[in-house]
Each structure stands twice: as C-alpha cells, then as structure tokens.
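Thanks, everyone. Let me put the model up, and then we'll walk through its strands and one loop.

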Amino acid sequence: MPKPKKEYQINQYLRFLVDAWMGVFKPYYGISANITSEIQNINEPYLLLSNHLGRYDPFIISSFFKKKPHFISSDAILRDKIIGRLFKGLGAVPKKKGMRDSVVIREMLQLVKRGDAIALFPEGTRTWDGTTLPIEPSIVKLVRLLKVPVITCKMKGAYAYDPRWSKPLRSANVEVDYNLCLTKEQIQTLDETAMFEMIVKGLYHDDIAYQRSKMTIIKSKQRAEFIDRVLFQCQKCNSFDGFDSKGNDFSCRSCGEKYHIDKHGFFESNNIEVKFSDIKSWLYWQNNNFKAYIKELFLSHTEEVFFADQY
C-alpha cells in the first residue's frame, strides 16, 4: 500500500478546531442535516459529491461525518496565505481549475488505496442563481475508477444565507441532505448512463424554488449589498448602467428606481410592478437582453465605445 503523502495528511489539531468552530457556526446560521447513521458512521473509503452554493460548504458538509474526506480543491485557493494553509492542513488535494489533471486522479487513487475518503464539487464552481450547474458526464468514469461508494450531498437553503454575490452571511435555515447514491455493487453492474442520471438527481437543486416553498425568513440588514455584482439591468428603464446597493435596498444608477429585497429574499418596489421577483428569473431576462444588445452593436459596426466605467 502506498505511503501517505505528507502534504495530504489531515492535521488532527486543526481538524478539532474546525469541528469546534462548526459546532457554533451551524446552529448560529440555522444549518442542520438529514443523514442516516449508515452514512454518518461510514468507516471505509467513499466519494462525496455535493452541489456548491456557499463559501463554507467544504467545512459544513464534512462536519457531519466521523471519517473526514480530503477535498479536491482549486490550486488558486490553496495559494492563498490563510485559506490555503487551512485547506492544506485539512488534507486538500490541489487541482488546476477547468483542466483535467491525471496527477490528481493518481493522487485520488492513492488516497482511496490507503483507506481515505474523497470529496469534490462536480459543478466546479459556485452557482450565481441558486440552481445546480451542469455536471460533466466524465464524473462517471472517475466513479468507475475509484470503485468506492458514492454519497451525494444536496445543500438546500444555502443560497439564502450565502449567495455568491454577497459578502455578509445571513442567518437562515439550511438543510443538508445526504444520500447513498451508488453502492460498490451498483457501480459494477449499472451502465454509465444510469449512474450519471442517479448522480445528477442526487445533486440537482433549485434553491429559489425551495425558498418559495419554505419562505424562510432571512435575518439580515444587508440583504441587498453587493447585488450589483450580478444584476445590472433595470426592470423599469432597461438600462445596463448597474445599481448602487445599501442595506436591504438597491437603486438604478440611470433612472433612480429603488428596489427592495424582502425578508424572504424576493424583490419588490413601491413604484412599479416587479416582473422578475427572484434573482434567477431576473438574471435570465437580463443576460439574454445583454447578449442581444452586444450582438446588435457588433452588427452595426459602430465606432462608439460600448461601455465606460465612471465609478
């Protein structure tokens, strides 16, 4: 059996500190899990796959396991002086983002052979609108290669407490659902199409639809701050000039129309009928309009500047 690589050793003291922190973090932000004792107490190598909504997902989803997994992490994150050192101390394996890396696969095989567990986010990045991003079918080839049970993790409500565009966290109710997606026997007997469908089903989640069904109260006085990172077209004047945000409100830089994010995370206005009351539908409308606008400018062969930053 291969000897463990020093850089992938989990620092048990650091692991203890992170678990202690999670013991306070999870109840404070309303995070709970639906996990069977079979999964929670698993003591053999496994592959944990999860959807990806928040900054602290690796710490949250691994905290419910007794046998902690090694996360496959972007090498850019591991180069960070603080977060990188923390991830390395928890046994993270670096991978170049957006690139297939045969070295990483060999490292994963070595970890499994020595009895360790592995975790990764098949989407490759965090979602902007709360909906699970497309997953590469090649994930099935990795599953076949590792030959260990596959556990899927579905985070629900995490977009309400930690959307990608925001800096401050919000207190909300987050459920983490774990499911034994594929057993060793199923990996040997099922075809790749069937396995891929089971993985996609275990990971897909629309957090906007979930919030509409739950109507969880988001406890924050900064629900709108930094939303201009993702929204830039006004529903009233249709300009692409962007927004200024403060507290739970944001306003159009062109016409001044003021929008409010209510306690459930949905948009409203006192002056106009809001056609798109959630970020998913607003983004879809905005991005399609923006692509059409840019295409029109290119086809017009104009020599004018498309956009200028005045802020």
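Start with the sheet. Seven strands make an open, mixed sheet, and the order is β1-β7-β6-β2-β5-β3-β4. At the edges stand β1 (31–34) and β4 (93–95); each has a single partner strand, so one side of each has no neighbour in the sheet. On average, neighbouring strands here are turned by 25 degrees against each other, direction ignored.

Quick ground rules. This is a predicted model: local features need pLDDT of at least 70, side-chain atom pairs count only at pLDDT 80 or more, and totals for chains, interfaces and linings use all residues. Residues are numbered from 1 along each chain as its sequence is written, and side-chain values use heavy atoms, with hydrogens and water left out.

Terms, briefly. Helices (H or I, at least four residues) and strands (E, at least two) are DSSP runs, numbered from the N terminus. Two strands pair if DSSP finds at least two bridges between them. Axes are lines fitted to C-alpha atoms, for helices over the stretch in contact; angles run from 0 to 180 degrees between N-to-C directions.

Now inside the sheet. Strands β2 (residues 47–50) and β5 (residues 117–120) run parallel, joined by three bridges. Leucine 47 has isoleucine 118 in β5 as its bridge partner. Across β2, β6 (150–156) and β7 (174–182) lies helix α10 (residues 192–203), at about 30 degrees to β6. Contact means heavy atoms within 4.5 Å.

Next, the hairpins. Four bridges pair β8 (residues 243–246) with β9 (residues 249–252), antiparallel. Lysine 246 partners aspartate 249 in β9. Two residues sit between these strands, and glycine 247 takes a positive phi near 65 degrees. β9 also runs antiparallel to β10 (residues 258–261), over three bridges. There, serine 251 has lysine 258 as its bridge partner. This hairpin has five residues between the strands, with glycine 256 at a positive phi near 85 degrees.

Last stop: the loop between β10 and β11 (267–268), where we find aspartate 262. Is aspartate 262 buried or exposed? Buried, and without a salt bridge. Buried is under 20% relative accessible area (1.4 Å probe, protein chains only). A salt bridge needs a side-chain nitrogen of Lys or Arg within 4 Å of a carboxyl oxygen of Asp or Glu. The nearest side chain of opposite charge is arginine 223, 5.9 Å away. What lies 2.8 Å from a polar atom of the aspartate 262 side chain? The backbone nitrogen of histidine 264. Setting aside neighbours within four places in sequence, aspartate 262 contacts Arg223 and Glu268.

Key. Buried < 20%, exposed > 50% of the residue type's maximum accessible area, 1.4 Å probe, protein only. Lys, Arg positive; Asp, Glu negative; His and termini not counted. Polar contact = N/O pair within 3.5 Å; in protein donor to acceptor, adjacent residues only side chain to side chain.
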